[in-house]
There are 2 protein chains.
Amino acid sequence: MKPVNIGLLGLGTVGGGTATVLQDNAAEISRRLGREVRISAVCDLSEEKAKQICPNAAFIKDPFELVQHQDVDVVVELFGGTGIAKDAVLKAIENGKHIVTANKKLLAEYGNEIFPLAEEKNVMVQFEAAVAGGIPIIKALREGLAANQIRSIAGIINGTSNFILTEMREKGSAFADVLEEAQALGYAEADPTFDIEGHDAGHKITIMSALAFGTPMNFSACYLEGISKLDSRDIKYAEELGYRIKLLGITRKTDKGIELRVHPTLIPESRLLANVNGVMNAVRVNADMVGETLYYGAGAGALPTASAVVADIIDIARLIEAETDHRVPHLAFQPSQVQAQNILPMDEITSSYYLRVQATDEPGTLGQIAALLAKENVSIEALIQKGVINQSTAEIVILTHTTVEHNVKRAIAAIEALSCVDAPITMIRMESLHD
Amino acid sequence: MKPVNIGLLGLGTVGGGTATVLQDNAAEISRRLGREVRISAVCDLSEEKAKQICPNAAFIKDPFELVQHQDVDVVVELFGGTGIAKDAVLKAIENGKHIVTANKKLLAEYGNEIFPLAEEKNVMVQFEAAVAGGIPIIKALREGLAANQIRSIAGIINGTSNFILTEMREKGSAFADVLEEAQALGYAEADPTFDIEGHDAGHKITIMSALAFGTPMNFSACYLEGISKLDSRDIKYAEELGYRIKLLGITRKTDKGIELRVHPTLIPESRLLANVNGVMNAVRVNADMVGETLYYGAGAGALPTASAVVADIIDIARLIEAETDHRVPHLAFQPSQVQAQNILPMDEITSSYYLRVQATDEPGTLGQIAALLAKENVSIEALIQKGVINQSTAEIVILTHTTVEHNVKRAIAAIEALSCVDAPITMIRMESLHD
């Protein structure tokens with residue numbers, strides 16, 4: 001049987017990894033698939049690199065030429081970004097090529113353009129590597145859990161942030177120091193904004209939200225809050241109270257709409273997600289029939305990500321010549337069933353909250369704070385004096401029960417207006433992960 | 001598009017759950033699949049129950065009639081066991097029906113008969129629910145990790161045993177007491193042998209081993225050791241040393257052959273698997289490209305197991321009319337590539353070991369024991385005096401480095417022959433879960 005021909009766009013980390021996996025595991029892949037997968041054409045800025053890594057592939061300088069090459073069945077887009085990558089993918093689809101991509105930004109921001117075109121042209125667009133690297137979470141959401149109504153997803157889906165938070169907790173270090181260490185180790189980019197401010201996690205949770213609930217991509221409505229402003233004191237206090245702080249991507253279906261958000265989150269230390277450390281990723285899915293499932297593994301790196309890219313290639317290769325209209329739909333639901341749904345503004349989400357208040361240590365202070373919370377219907381689970389700043393000022397940590405976010409925000413504004421409160425309140429959301 | 005017609009064999013726990021999932025999530029399933037899934041025929045000992053649960057299905061008293069019924073596309077076998085279930089499945093395949101089954105015993109013991117027949121008749125046999133209930137681990141092994149050479153699998157795949165071990169640890173209770181409690185809660189059968197002696201876990205690790213390494217089923221070569229002889233002292237000592245004891249199913253590819261075994265195992269408490277408690281299941285897979293991935297969820301129960309059954313039905317429904325020879329192979333590898341491989345006898349596996357020795361508390365005892373271990377090339381990681389039995393007798397716990405099992409067994413025999421050792425040595429295997 002003739003080989004499946006891959007046209008590879010980009011020989012960066014993941015592109016190089018993909019070439020390695022296809023070469024090193026060629027025999028194992030053929031044993032499974034029943035045919036060979038070969039890189040027939042490659043495009044990269046460096047022809048020398050291309051010739052070195054893919055000596056048997058045609059080097060094609062122009063990506064737009066590659067995506068219409070007759071010896072290419074599947075275009076594997078590993079340029080990243082939304083410039084040439086977007087145009088090349090659209091052009092490839094126009095030319096009837098199937099697509100594999102690891103490009104979360106492209107799908108989260110332009111998926112609503114890409115997927116309808118792919119349906120029109122009857123090509124597959126696979127993107128396992130776009131979310132949580134080597135963990136087969138897209139396959140779980142689209143296929144493994146297909147009998148369920150999914151209720152919520154919460155994931156540690158940015159390894160850089162998780163590494164930084166793990167180090168801050170274990171060593172008690174400040175954010176800036178750990179970031180420097182992460183950069184030295186290659187776990188963080190020179191410009192780390194994309195990872196530490198939640199954009200990367202936002203792209204990934206946007207994609208999972210669409211798959212879970214059968215909606216278009218809603219990245220522009222995704223709330224993004226990163227870890228750069230986290231104080232190591234809060235990590236310490238959280239730990240003393242039995243919690244860990246993780247950067248979570250969260251999406252949840254409620255009666256009023258869909259929650260879609262990325263932010264630092266306190267989670268109980270006994271939960272598996274709380275014990276996912278270093279650069280590792282994990283995604284927790286809650287679904288109506290199966291209940292809680294969790295998927296853990298490497299969220300980045302050349303070979304883990306390439307593992308997902310090649311799994312997608314194998315999936316496509318199985319169906320490439322099949323006469324069928326019954327492939328797994330791109331967004332898990334039939335195109336006609338993908339329905340826009342209301343994404344809740346943050347003021348309308350429900351959560352519980354960790355609040356740290358810096359206040360004058362005098363009789364009546366706690367009472368005043370408690371009264372203002374009660375006035376906004378925020379009920380208190382715990383109220384503990386933690387640190388003492390100086391002779392007259394103390395730090396009070398409050399854990400609230402679940403409430404609507406605008407209640408908490410109004411209470412915070414009122415408390416900050418008290419004369420005994422002398423600094424902005426720190427607010428971090430909490431998730432019990434029991435629903 | 002016409003519905004997919006299911007013939008359901010058995011309305012026990014999982015059968016009833018399957019009917020519930022198909023009914024309650026009918027709309028969601030159609031939104032994903034693009035067609036309806038309906039139970040067209042049902043067979044159960046109780047016609048009354050069948051009429052009540054599946055009022056729109058034909059009741060067919062004789063399973064062998066159901067499996068050749070013209071209005072059945074997919075036979076869902078949920079009888080369990082290897083009597084009628086086996087004959088009905090073989091007959092259904094003969095009649096060109098696709099199969100979904102949750103029957104781990106049937107596949108582990110008769111898979112080598114069932115799968116070749118299914119290939120000959122070109123029907124799909126899906127069995128996600130047979131391993132780890134609602135966790136989509138079969139899909140991960142067959143598809144999600146298809147680009148990898150799998151190195152090893154270690155799983156908590158029997159909820160009853162894990163519940164008992166969790167309770168023994170948390171409450172310090174004896175095995176017999178916790179078993180009674182588990183029976184009262186419905187977590188253990190009246191005759192619990194199948195669960196607590198490792199048979200159930202053995203069936204499941206046998207199936208995963210075949211999928212991972214491309215071999216036939218090797219259940220008869222699987223080593224089975226359950227938890228009924230575990231002493232709560234060993235759970236306590238393990239915990240003091242930073243370990244938890246779990247009943248693991250383990251399979252590993254080595255240069256000399258495949259390890260395939262079920263036994264209580266010490267694992268470091270920091271590993272995610274060590275923190276999987278109660279009736280929950282989890283499977284850790286180590287593969288060459290992706291590294292470590294882990295899959296967690298409910299391993300039993302009506303609805304979680306039915307979630308997997310219905311996912312299999314949806315997979316089949318997508319391809320039922322497709323003109324393709326390129327379905328995912330039953331055992332992950334092309335039938336021609338399934339190769340028998342040597343299953344290592346237990347004496348030839350490598351592991352590290354926890355040994356508890358009861359010995360006279362007198363000068364020279366430790367030296368004698370250490371010398372006998374050294375003589376068999378067993379090197380000691382830790383040697384600690386734990387408990388004192390009486391004035392003259394103490395308990396010594398030894399943790400060894402990795403070695404071949406027959407070395408340890410020879411050392412144990414030699415130590416037991418010492419006059420200062422006055423009871424059989426307790427030996428429990430350990431896994432670092434780092435490979």
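Me: Which residues are linked in a network of salt bridges?
Reply: Lys139(A), Glu143(A), Asp315(A), Arg318(A), Lys139(B), Glu143(B) and Asp315(B) are linked in that network. A salt bridge here is a side-chain nitrogen of Lys or Arg within 4 Å of a carboxyl oxygen of Asp or Glu.

Me: What should I know about the model and the numbering?
Reply: This is a predicted model; local features need pLDDT of at least 70, side-chain atom pairs count only at pLDDT 80 or more, and totals for chains, interfaces and linings use all residues. Residues are numbered from 1 along each chain as its sequence is written, chains are lettered from A and ligands numbered from 1 in the order in which they are written, and side-chain values use heavy atoms, with hydrogens and water left out.

Me: Is Lys139(B) buried or exposed?
Reply: Lys139(B) counts as buried, at 7% relative accessibility. Glu143(B) is buried too, at 6%. Buried means under 20% relative accessible area, exposed over 50%, and partly exposed in between (1.4 Å probe, protein chains only).

Me: New topic: the interface. How many residues of chain B are in contact with chain A?
Reply: 65 residues of chain B touch 65 residues of chain A. Contact means heavy atoms within 4.5 Å.

Me: What area is buried between the two?
Reply: About 5400 Å², with carbon and sulfur atoms giving 56% of that. In chain B, Arg31(B), Arg32(B) and Met289(B) lose the most area to chain A, together 17% of what that side buries. Buried area is the accessible area (1.4 Å probe) that two parts lose on being put together, summed over both.

Me: How many residue pairs are in polar contact between the chains?
Reply: The count is 26, both residues being at pLDDT 80 or more. A polar contact is a pair of N or O atoms within 3.5 Å; within protein, one must be able to donate a hydrogen and the other to accept it, and residues adjacent in sequence count only if both atoms are side-chain atoms.

Me: Which element gives the most to chain B's side?
Reply: H13(B), with nine residues.

Me: Where does Asp231(B) lie, and where is Arg356(B)?
Reply: Asp231(B) is in the loop between strand E8 (223–224) and helix H12 (232–240) of chain B, and Arg356(B) is in strand E13 (residues 350–360) of chain B, so the pair ties together parts 125 residues apart in sequence. Their side chains meet in a salt bridge at 4.0 Å, N to O. Asp231(B) is partly exposed, at 26%. Arg356(B) is buried, at 7%.

Conventions
Helices (H or I, at least four residues) and strands (E, at least two) are DSSP runs, numbered from the N terminus.
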